[in-house]
Amino acid sequence: MQQLHPDDVLWRNARLATMVTDAPEPYGLTERSAIVVRGQAILAVVPESALPSGHRNSVDLGGRLVTPGLIDCHTHLVFGGNRAAEWEQRLKGVSYQAISAQGGGINATVTATRNSSAEALLQLAQQRLQRLMNEGVTTIEIKSGYGLNAETEEKMLHVARQLGLNNPIDISPTLLAAHAVPVEYRQDPDAYLSLVCEEIMPSLWQKEFFEAVDVFCENVGFTPAQAERLFLAATALGIPVKGHVEQLSNLGGAALVSRFNGLSADHIEYLDEAGIQAMAQNGTVAVLLPGAFYFLQERQRPPVEHLRKQGVPMAVATDYNPGTSPFASLHLAMNMACVQFGLTPEEAWAGVTRHAAQALGRGATHGQLRAGYVADFIVWDADHPVEMVYEPGRNPLYQRIFRGEAA
Ligand code: NIG
Ligand code: FE
């Protein structure tokens with residue numbers, strides 16, 4: 001190990017679950033280890049025995065478990081109102097699609113979001129974010145998509161940015177202006193898409209309000225041809241793409257995302273073999289969203305076995321939103337991914353660390369405990385990482401370290 005500076009911090013006497021790819025042990029578990037932090041980054045991960053004695057800046061973790069900070073790579077955290085009444089209707093037998101066709105669903109949240117001030121949205125989102133941070137989330141993706149006009153899409157992304165300035169967390173903002181056709185464009189969805197491609201996307205991109213563009217490609221959203229048009233416009237500006245695809249039906253959206261070297265194809269319950277092949281070839285991450293699957297009482301499971309066989313990296317996220325996944329818990333999402341989709345707990349952990357980082361284009365800096373990576377990690381009062389997956393709600397978080405600082 002190189003010479004230490006006096007300001008380097010040794011987080012020592014820990015059991016690490018490094019989550020590195022090539023580790024000999026499951027979860028990258030190593031006993032009696034230490035993380036050496038310089039500034040905001042991990043300088044080295046070393047056995048206790050390799051540490052110099054007498055370094056003044058050291059923290060004894062008492063043998064506790066340390067994992068990378070959790071990454072929630074798919075959320076709709078910023079919105080006004082809630083959809084509890086709609087949910088009651090759904091429990092009486094009205095479908096998500098039928099509610100959406102009646103102007104409810106996403107459009108109901110659009111109205112509530114347009115009618116909320118940025119301050120009010122920020123206050124609501126802050127509470128939701130706090131719950132995720134309490135569970136150890138250090139990076140979160142936040143989508144727009146409840147504005148569906150230039151002004152409100154910008155307001156949502158402004159709130160997302162503000163959350164990052166106010167909290168010890170990394171925000172990855174995504175433009176989802178193509179989430180639904182707004183009521184005022186119901187007769188002419190292509191005209192709305194033109195507005196997105198020609199005005200909303202370029203102007204918010206120029207103002208650096210987001211990192212990637214998303215689309216809801218579905219029979220209640222946009223057609224594959226419309227999604228392709230959006231992706232062509234995004235690619236021309238150098239914007240990475242991703243998609244809500246194959247959630248309720250198979251329209252070939254995942255293959256489309258992959259063709260544009262997309263970061264991730266999300267939901268993918270109805271993904272077929274051709275879609276899996278395309279994802280495998282292009283390194284597109286499969287983002288599994290078991291909260292929405294559960295809440296919509298879906299039957300069709302994503303093809304986990306095939307994704308595994310083809311080596312497609314699988315991430316797990318909350319999809320926190322008022323319509324299909326009102327669960328601000330990544331531990332719960334991990335549990336559901338195992339119970340409902342058949343992931344192993346180790347795959348669920350990779351899904352909220354290494355693979356979630358990859359889904360956000362941050363695979364080279366986030367989601368693993370290794371030299372050169374950002375010093376985001378969580379100290380747990382737990383013996384083994386399976387515990388957080390096994391028992392969501394207990395939350396044995398002991399300490400949260402963000403960019404090298406306890407926070
Ligand atoms: O990820 N599928 C589209 N978007 C959200 C649902 C949004 C809503 O119903 O408000 C999702 O499930
Ligand atoms: Fe979503």
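**View 1. Tyrosine 96 and its contact with ligand 1.** An oxygen atom of ligand 1 is 2.5 Å from an N or O atom in the side chain of tyrosine 96. The model is predicted. Ligand 1, taken alone, exposes 330 Å². The protein buries 100% of that area.

**View 2. Glutamine 247 and histidine 76 beside ligand 1.** The side chain of glutamine 247 places an N or O atom 2.9 Å from a nitrogen atom of ligand 1. Histidine 76 faces an oxygen atom of ligand 1 instead: a polar atom of the histidine 76 side chain lies 3.3 Å from that oxygen.

**View 3. The shell around ligand 1.** There are 15 residues around ligand 1. Arg83, Tyr96, Tyr146, His179 and Thr324 come nearest. By class, the shell holds four nonpolar, nine polar and two charged residues. The space that ligand 1 takes is the largest cavity.

**View 4. The iron ion (ligand 2) and its donors.** Which residues coordinate the iron ion? They are His74, His76, His244 and Asp319. Each histidine uses NE2, and Asp319 uses OD. The distances run from 2.1 to 2.3 Å.

**View 5. The iron donors along the chain.** The donor residues are spaced H-x1-H-x167-H-x74-D in sequence. Histidine 74 and aspartate 319 link distant parts of the chain, 245 residues apart. Histidine 74 sits in the loop between strand S6 (70-72) and helix H1 (84-91). Aspartate 319 sits in the loop between strand S13 (314-316) and helix H12 (330-341).

Definitions and conventions:
Residues are numbered from 1 along each chain as its sequence is written. Chains are lettered from A and ligands numbered from 1 in the order in which they are written. This is a predicted model: local features need pLDDT of at least 70, side-chain atom pairs count only at pLDDT 80 or more; totals for chains, interfaces and linings use all residues. Side-chain values use heavy atoms; hydrogens and water are left out. A residue is near a molecule or strand if one of its heavy atoms lies within 4 Å of it. A polar contact is a pair of N or O atoms within 3.5 Å; within protein, one must be able to donate a hydrogen and the other to accept it, and residues adjacent in sequence count only if both atoms are side-chain atoms. Accessible areas come from the Shrake-Rupley method with a 1.4 Å probe; for residues, only the protein chains shown count as cover. On a 1 Å grid over the protein atoms alone, a cavity is a set of points where a 1.4 Å probe fits but cannot get out, and a pocket is an open set with protein on both sides within 12 Å along at least five of seven lines; lining residues have an atom within 4 Å of a point. A molecule sits in a cavity or pocket if more than half of its atoms lie within 2 Å of its grid points. Ala, Val, Leu, Ile, Met, Phe, Trp, Tyr, Cys and Pro count as nonpolar, Asp, Glu, Lys and Arg as charged, and the others, Gly among them, as polar. Donors are N, O and S atoms within 2.8 Å of the metal (3.2 Å for Na, K and Ca); water is not among the atoms, so sites may look incomplete. Helices (H or I, at least four residues) and strands (E, at least two) are DSSP runs, numbered from the N terminus.
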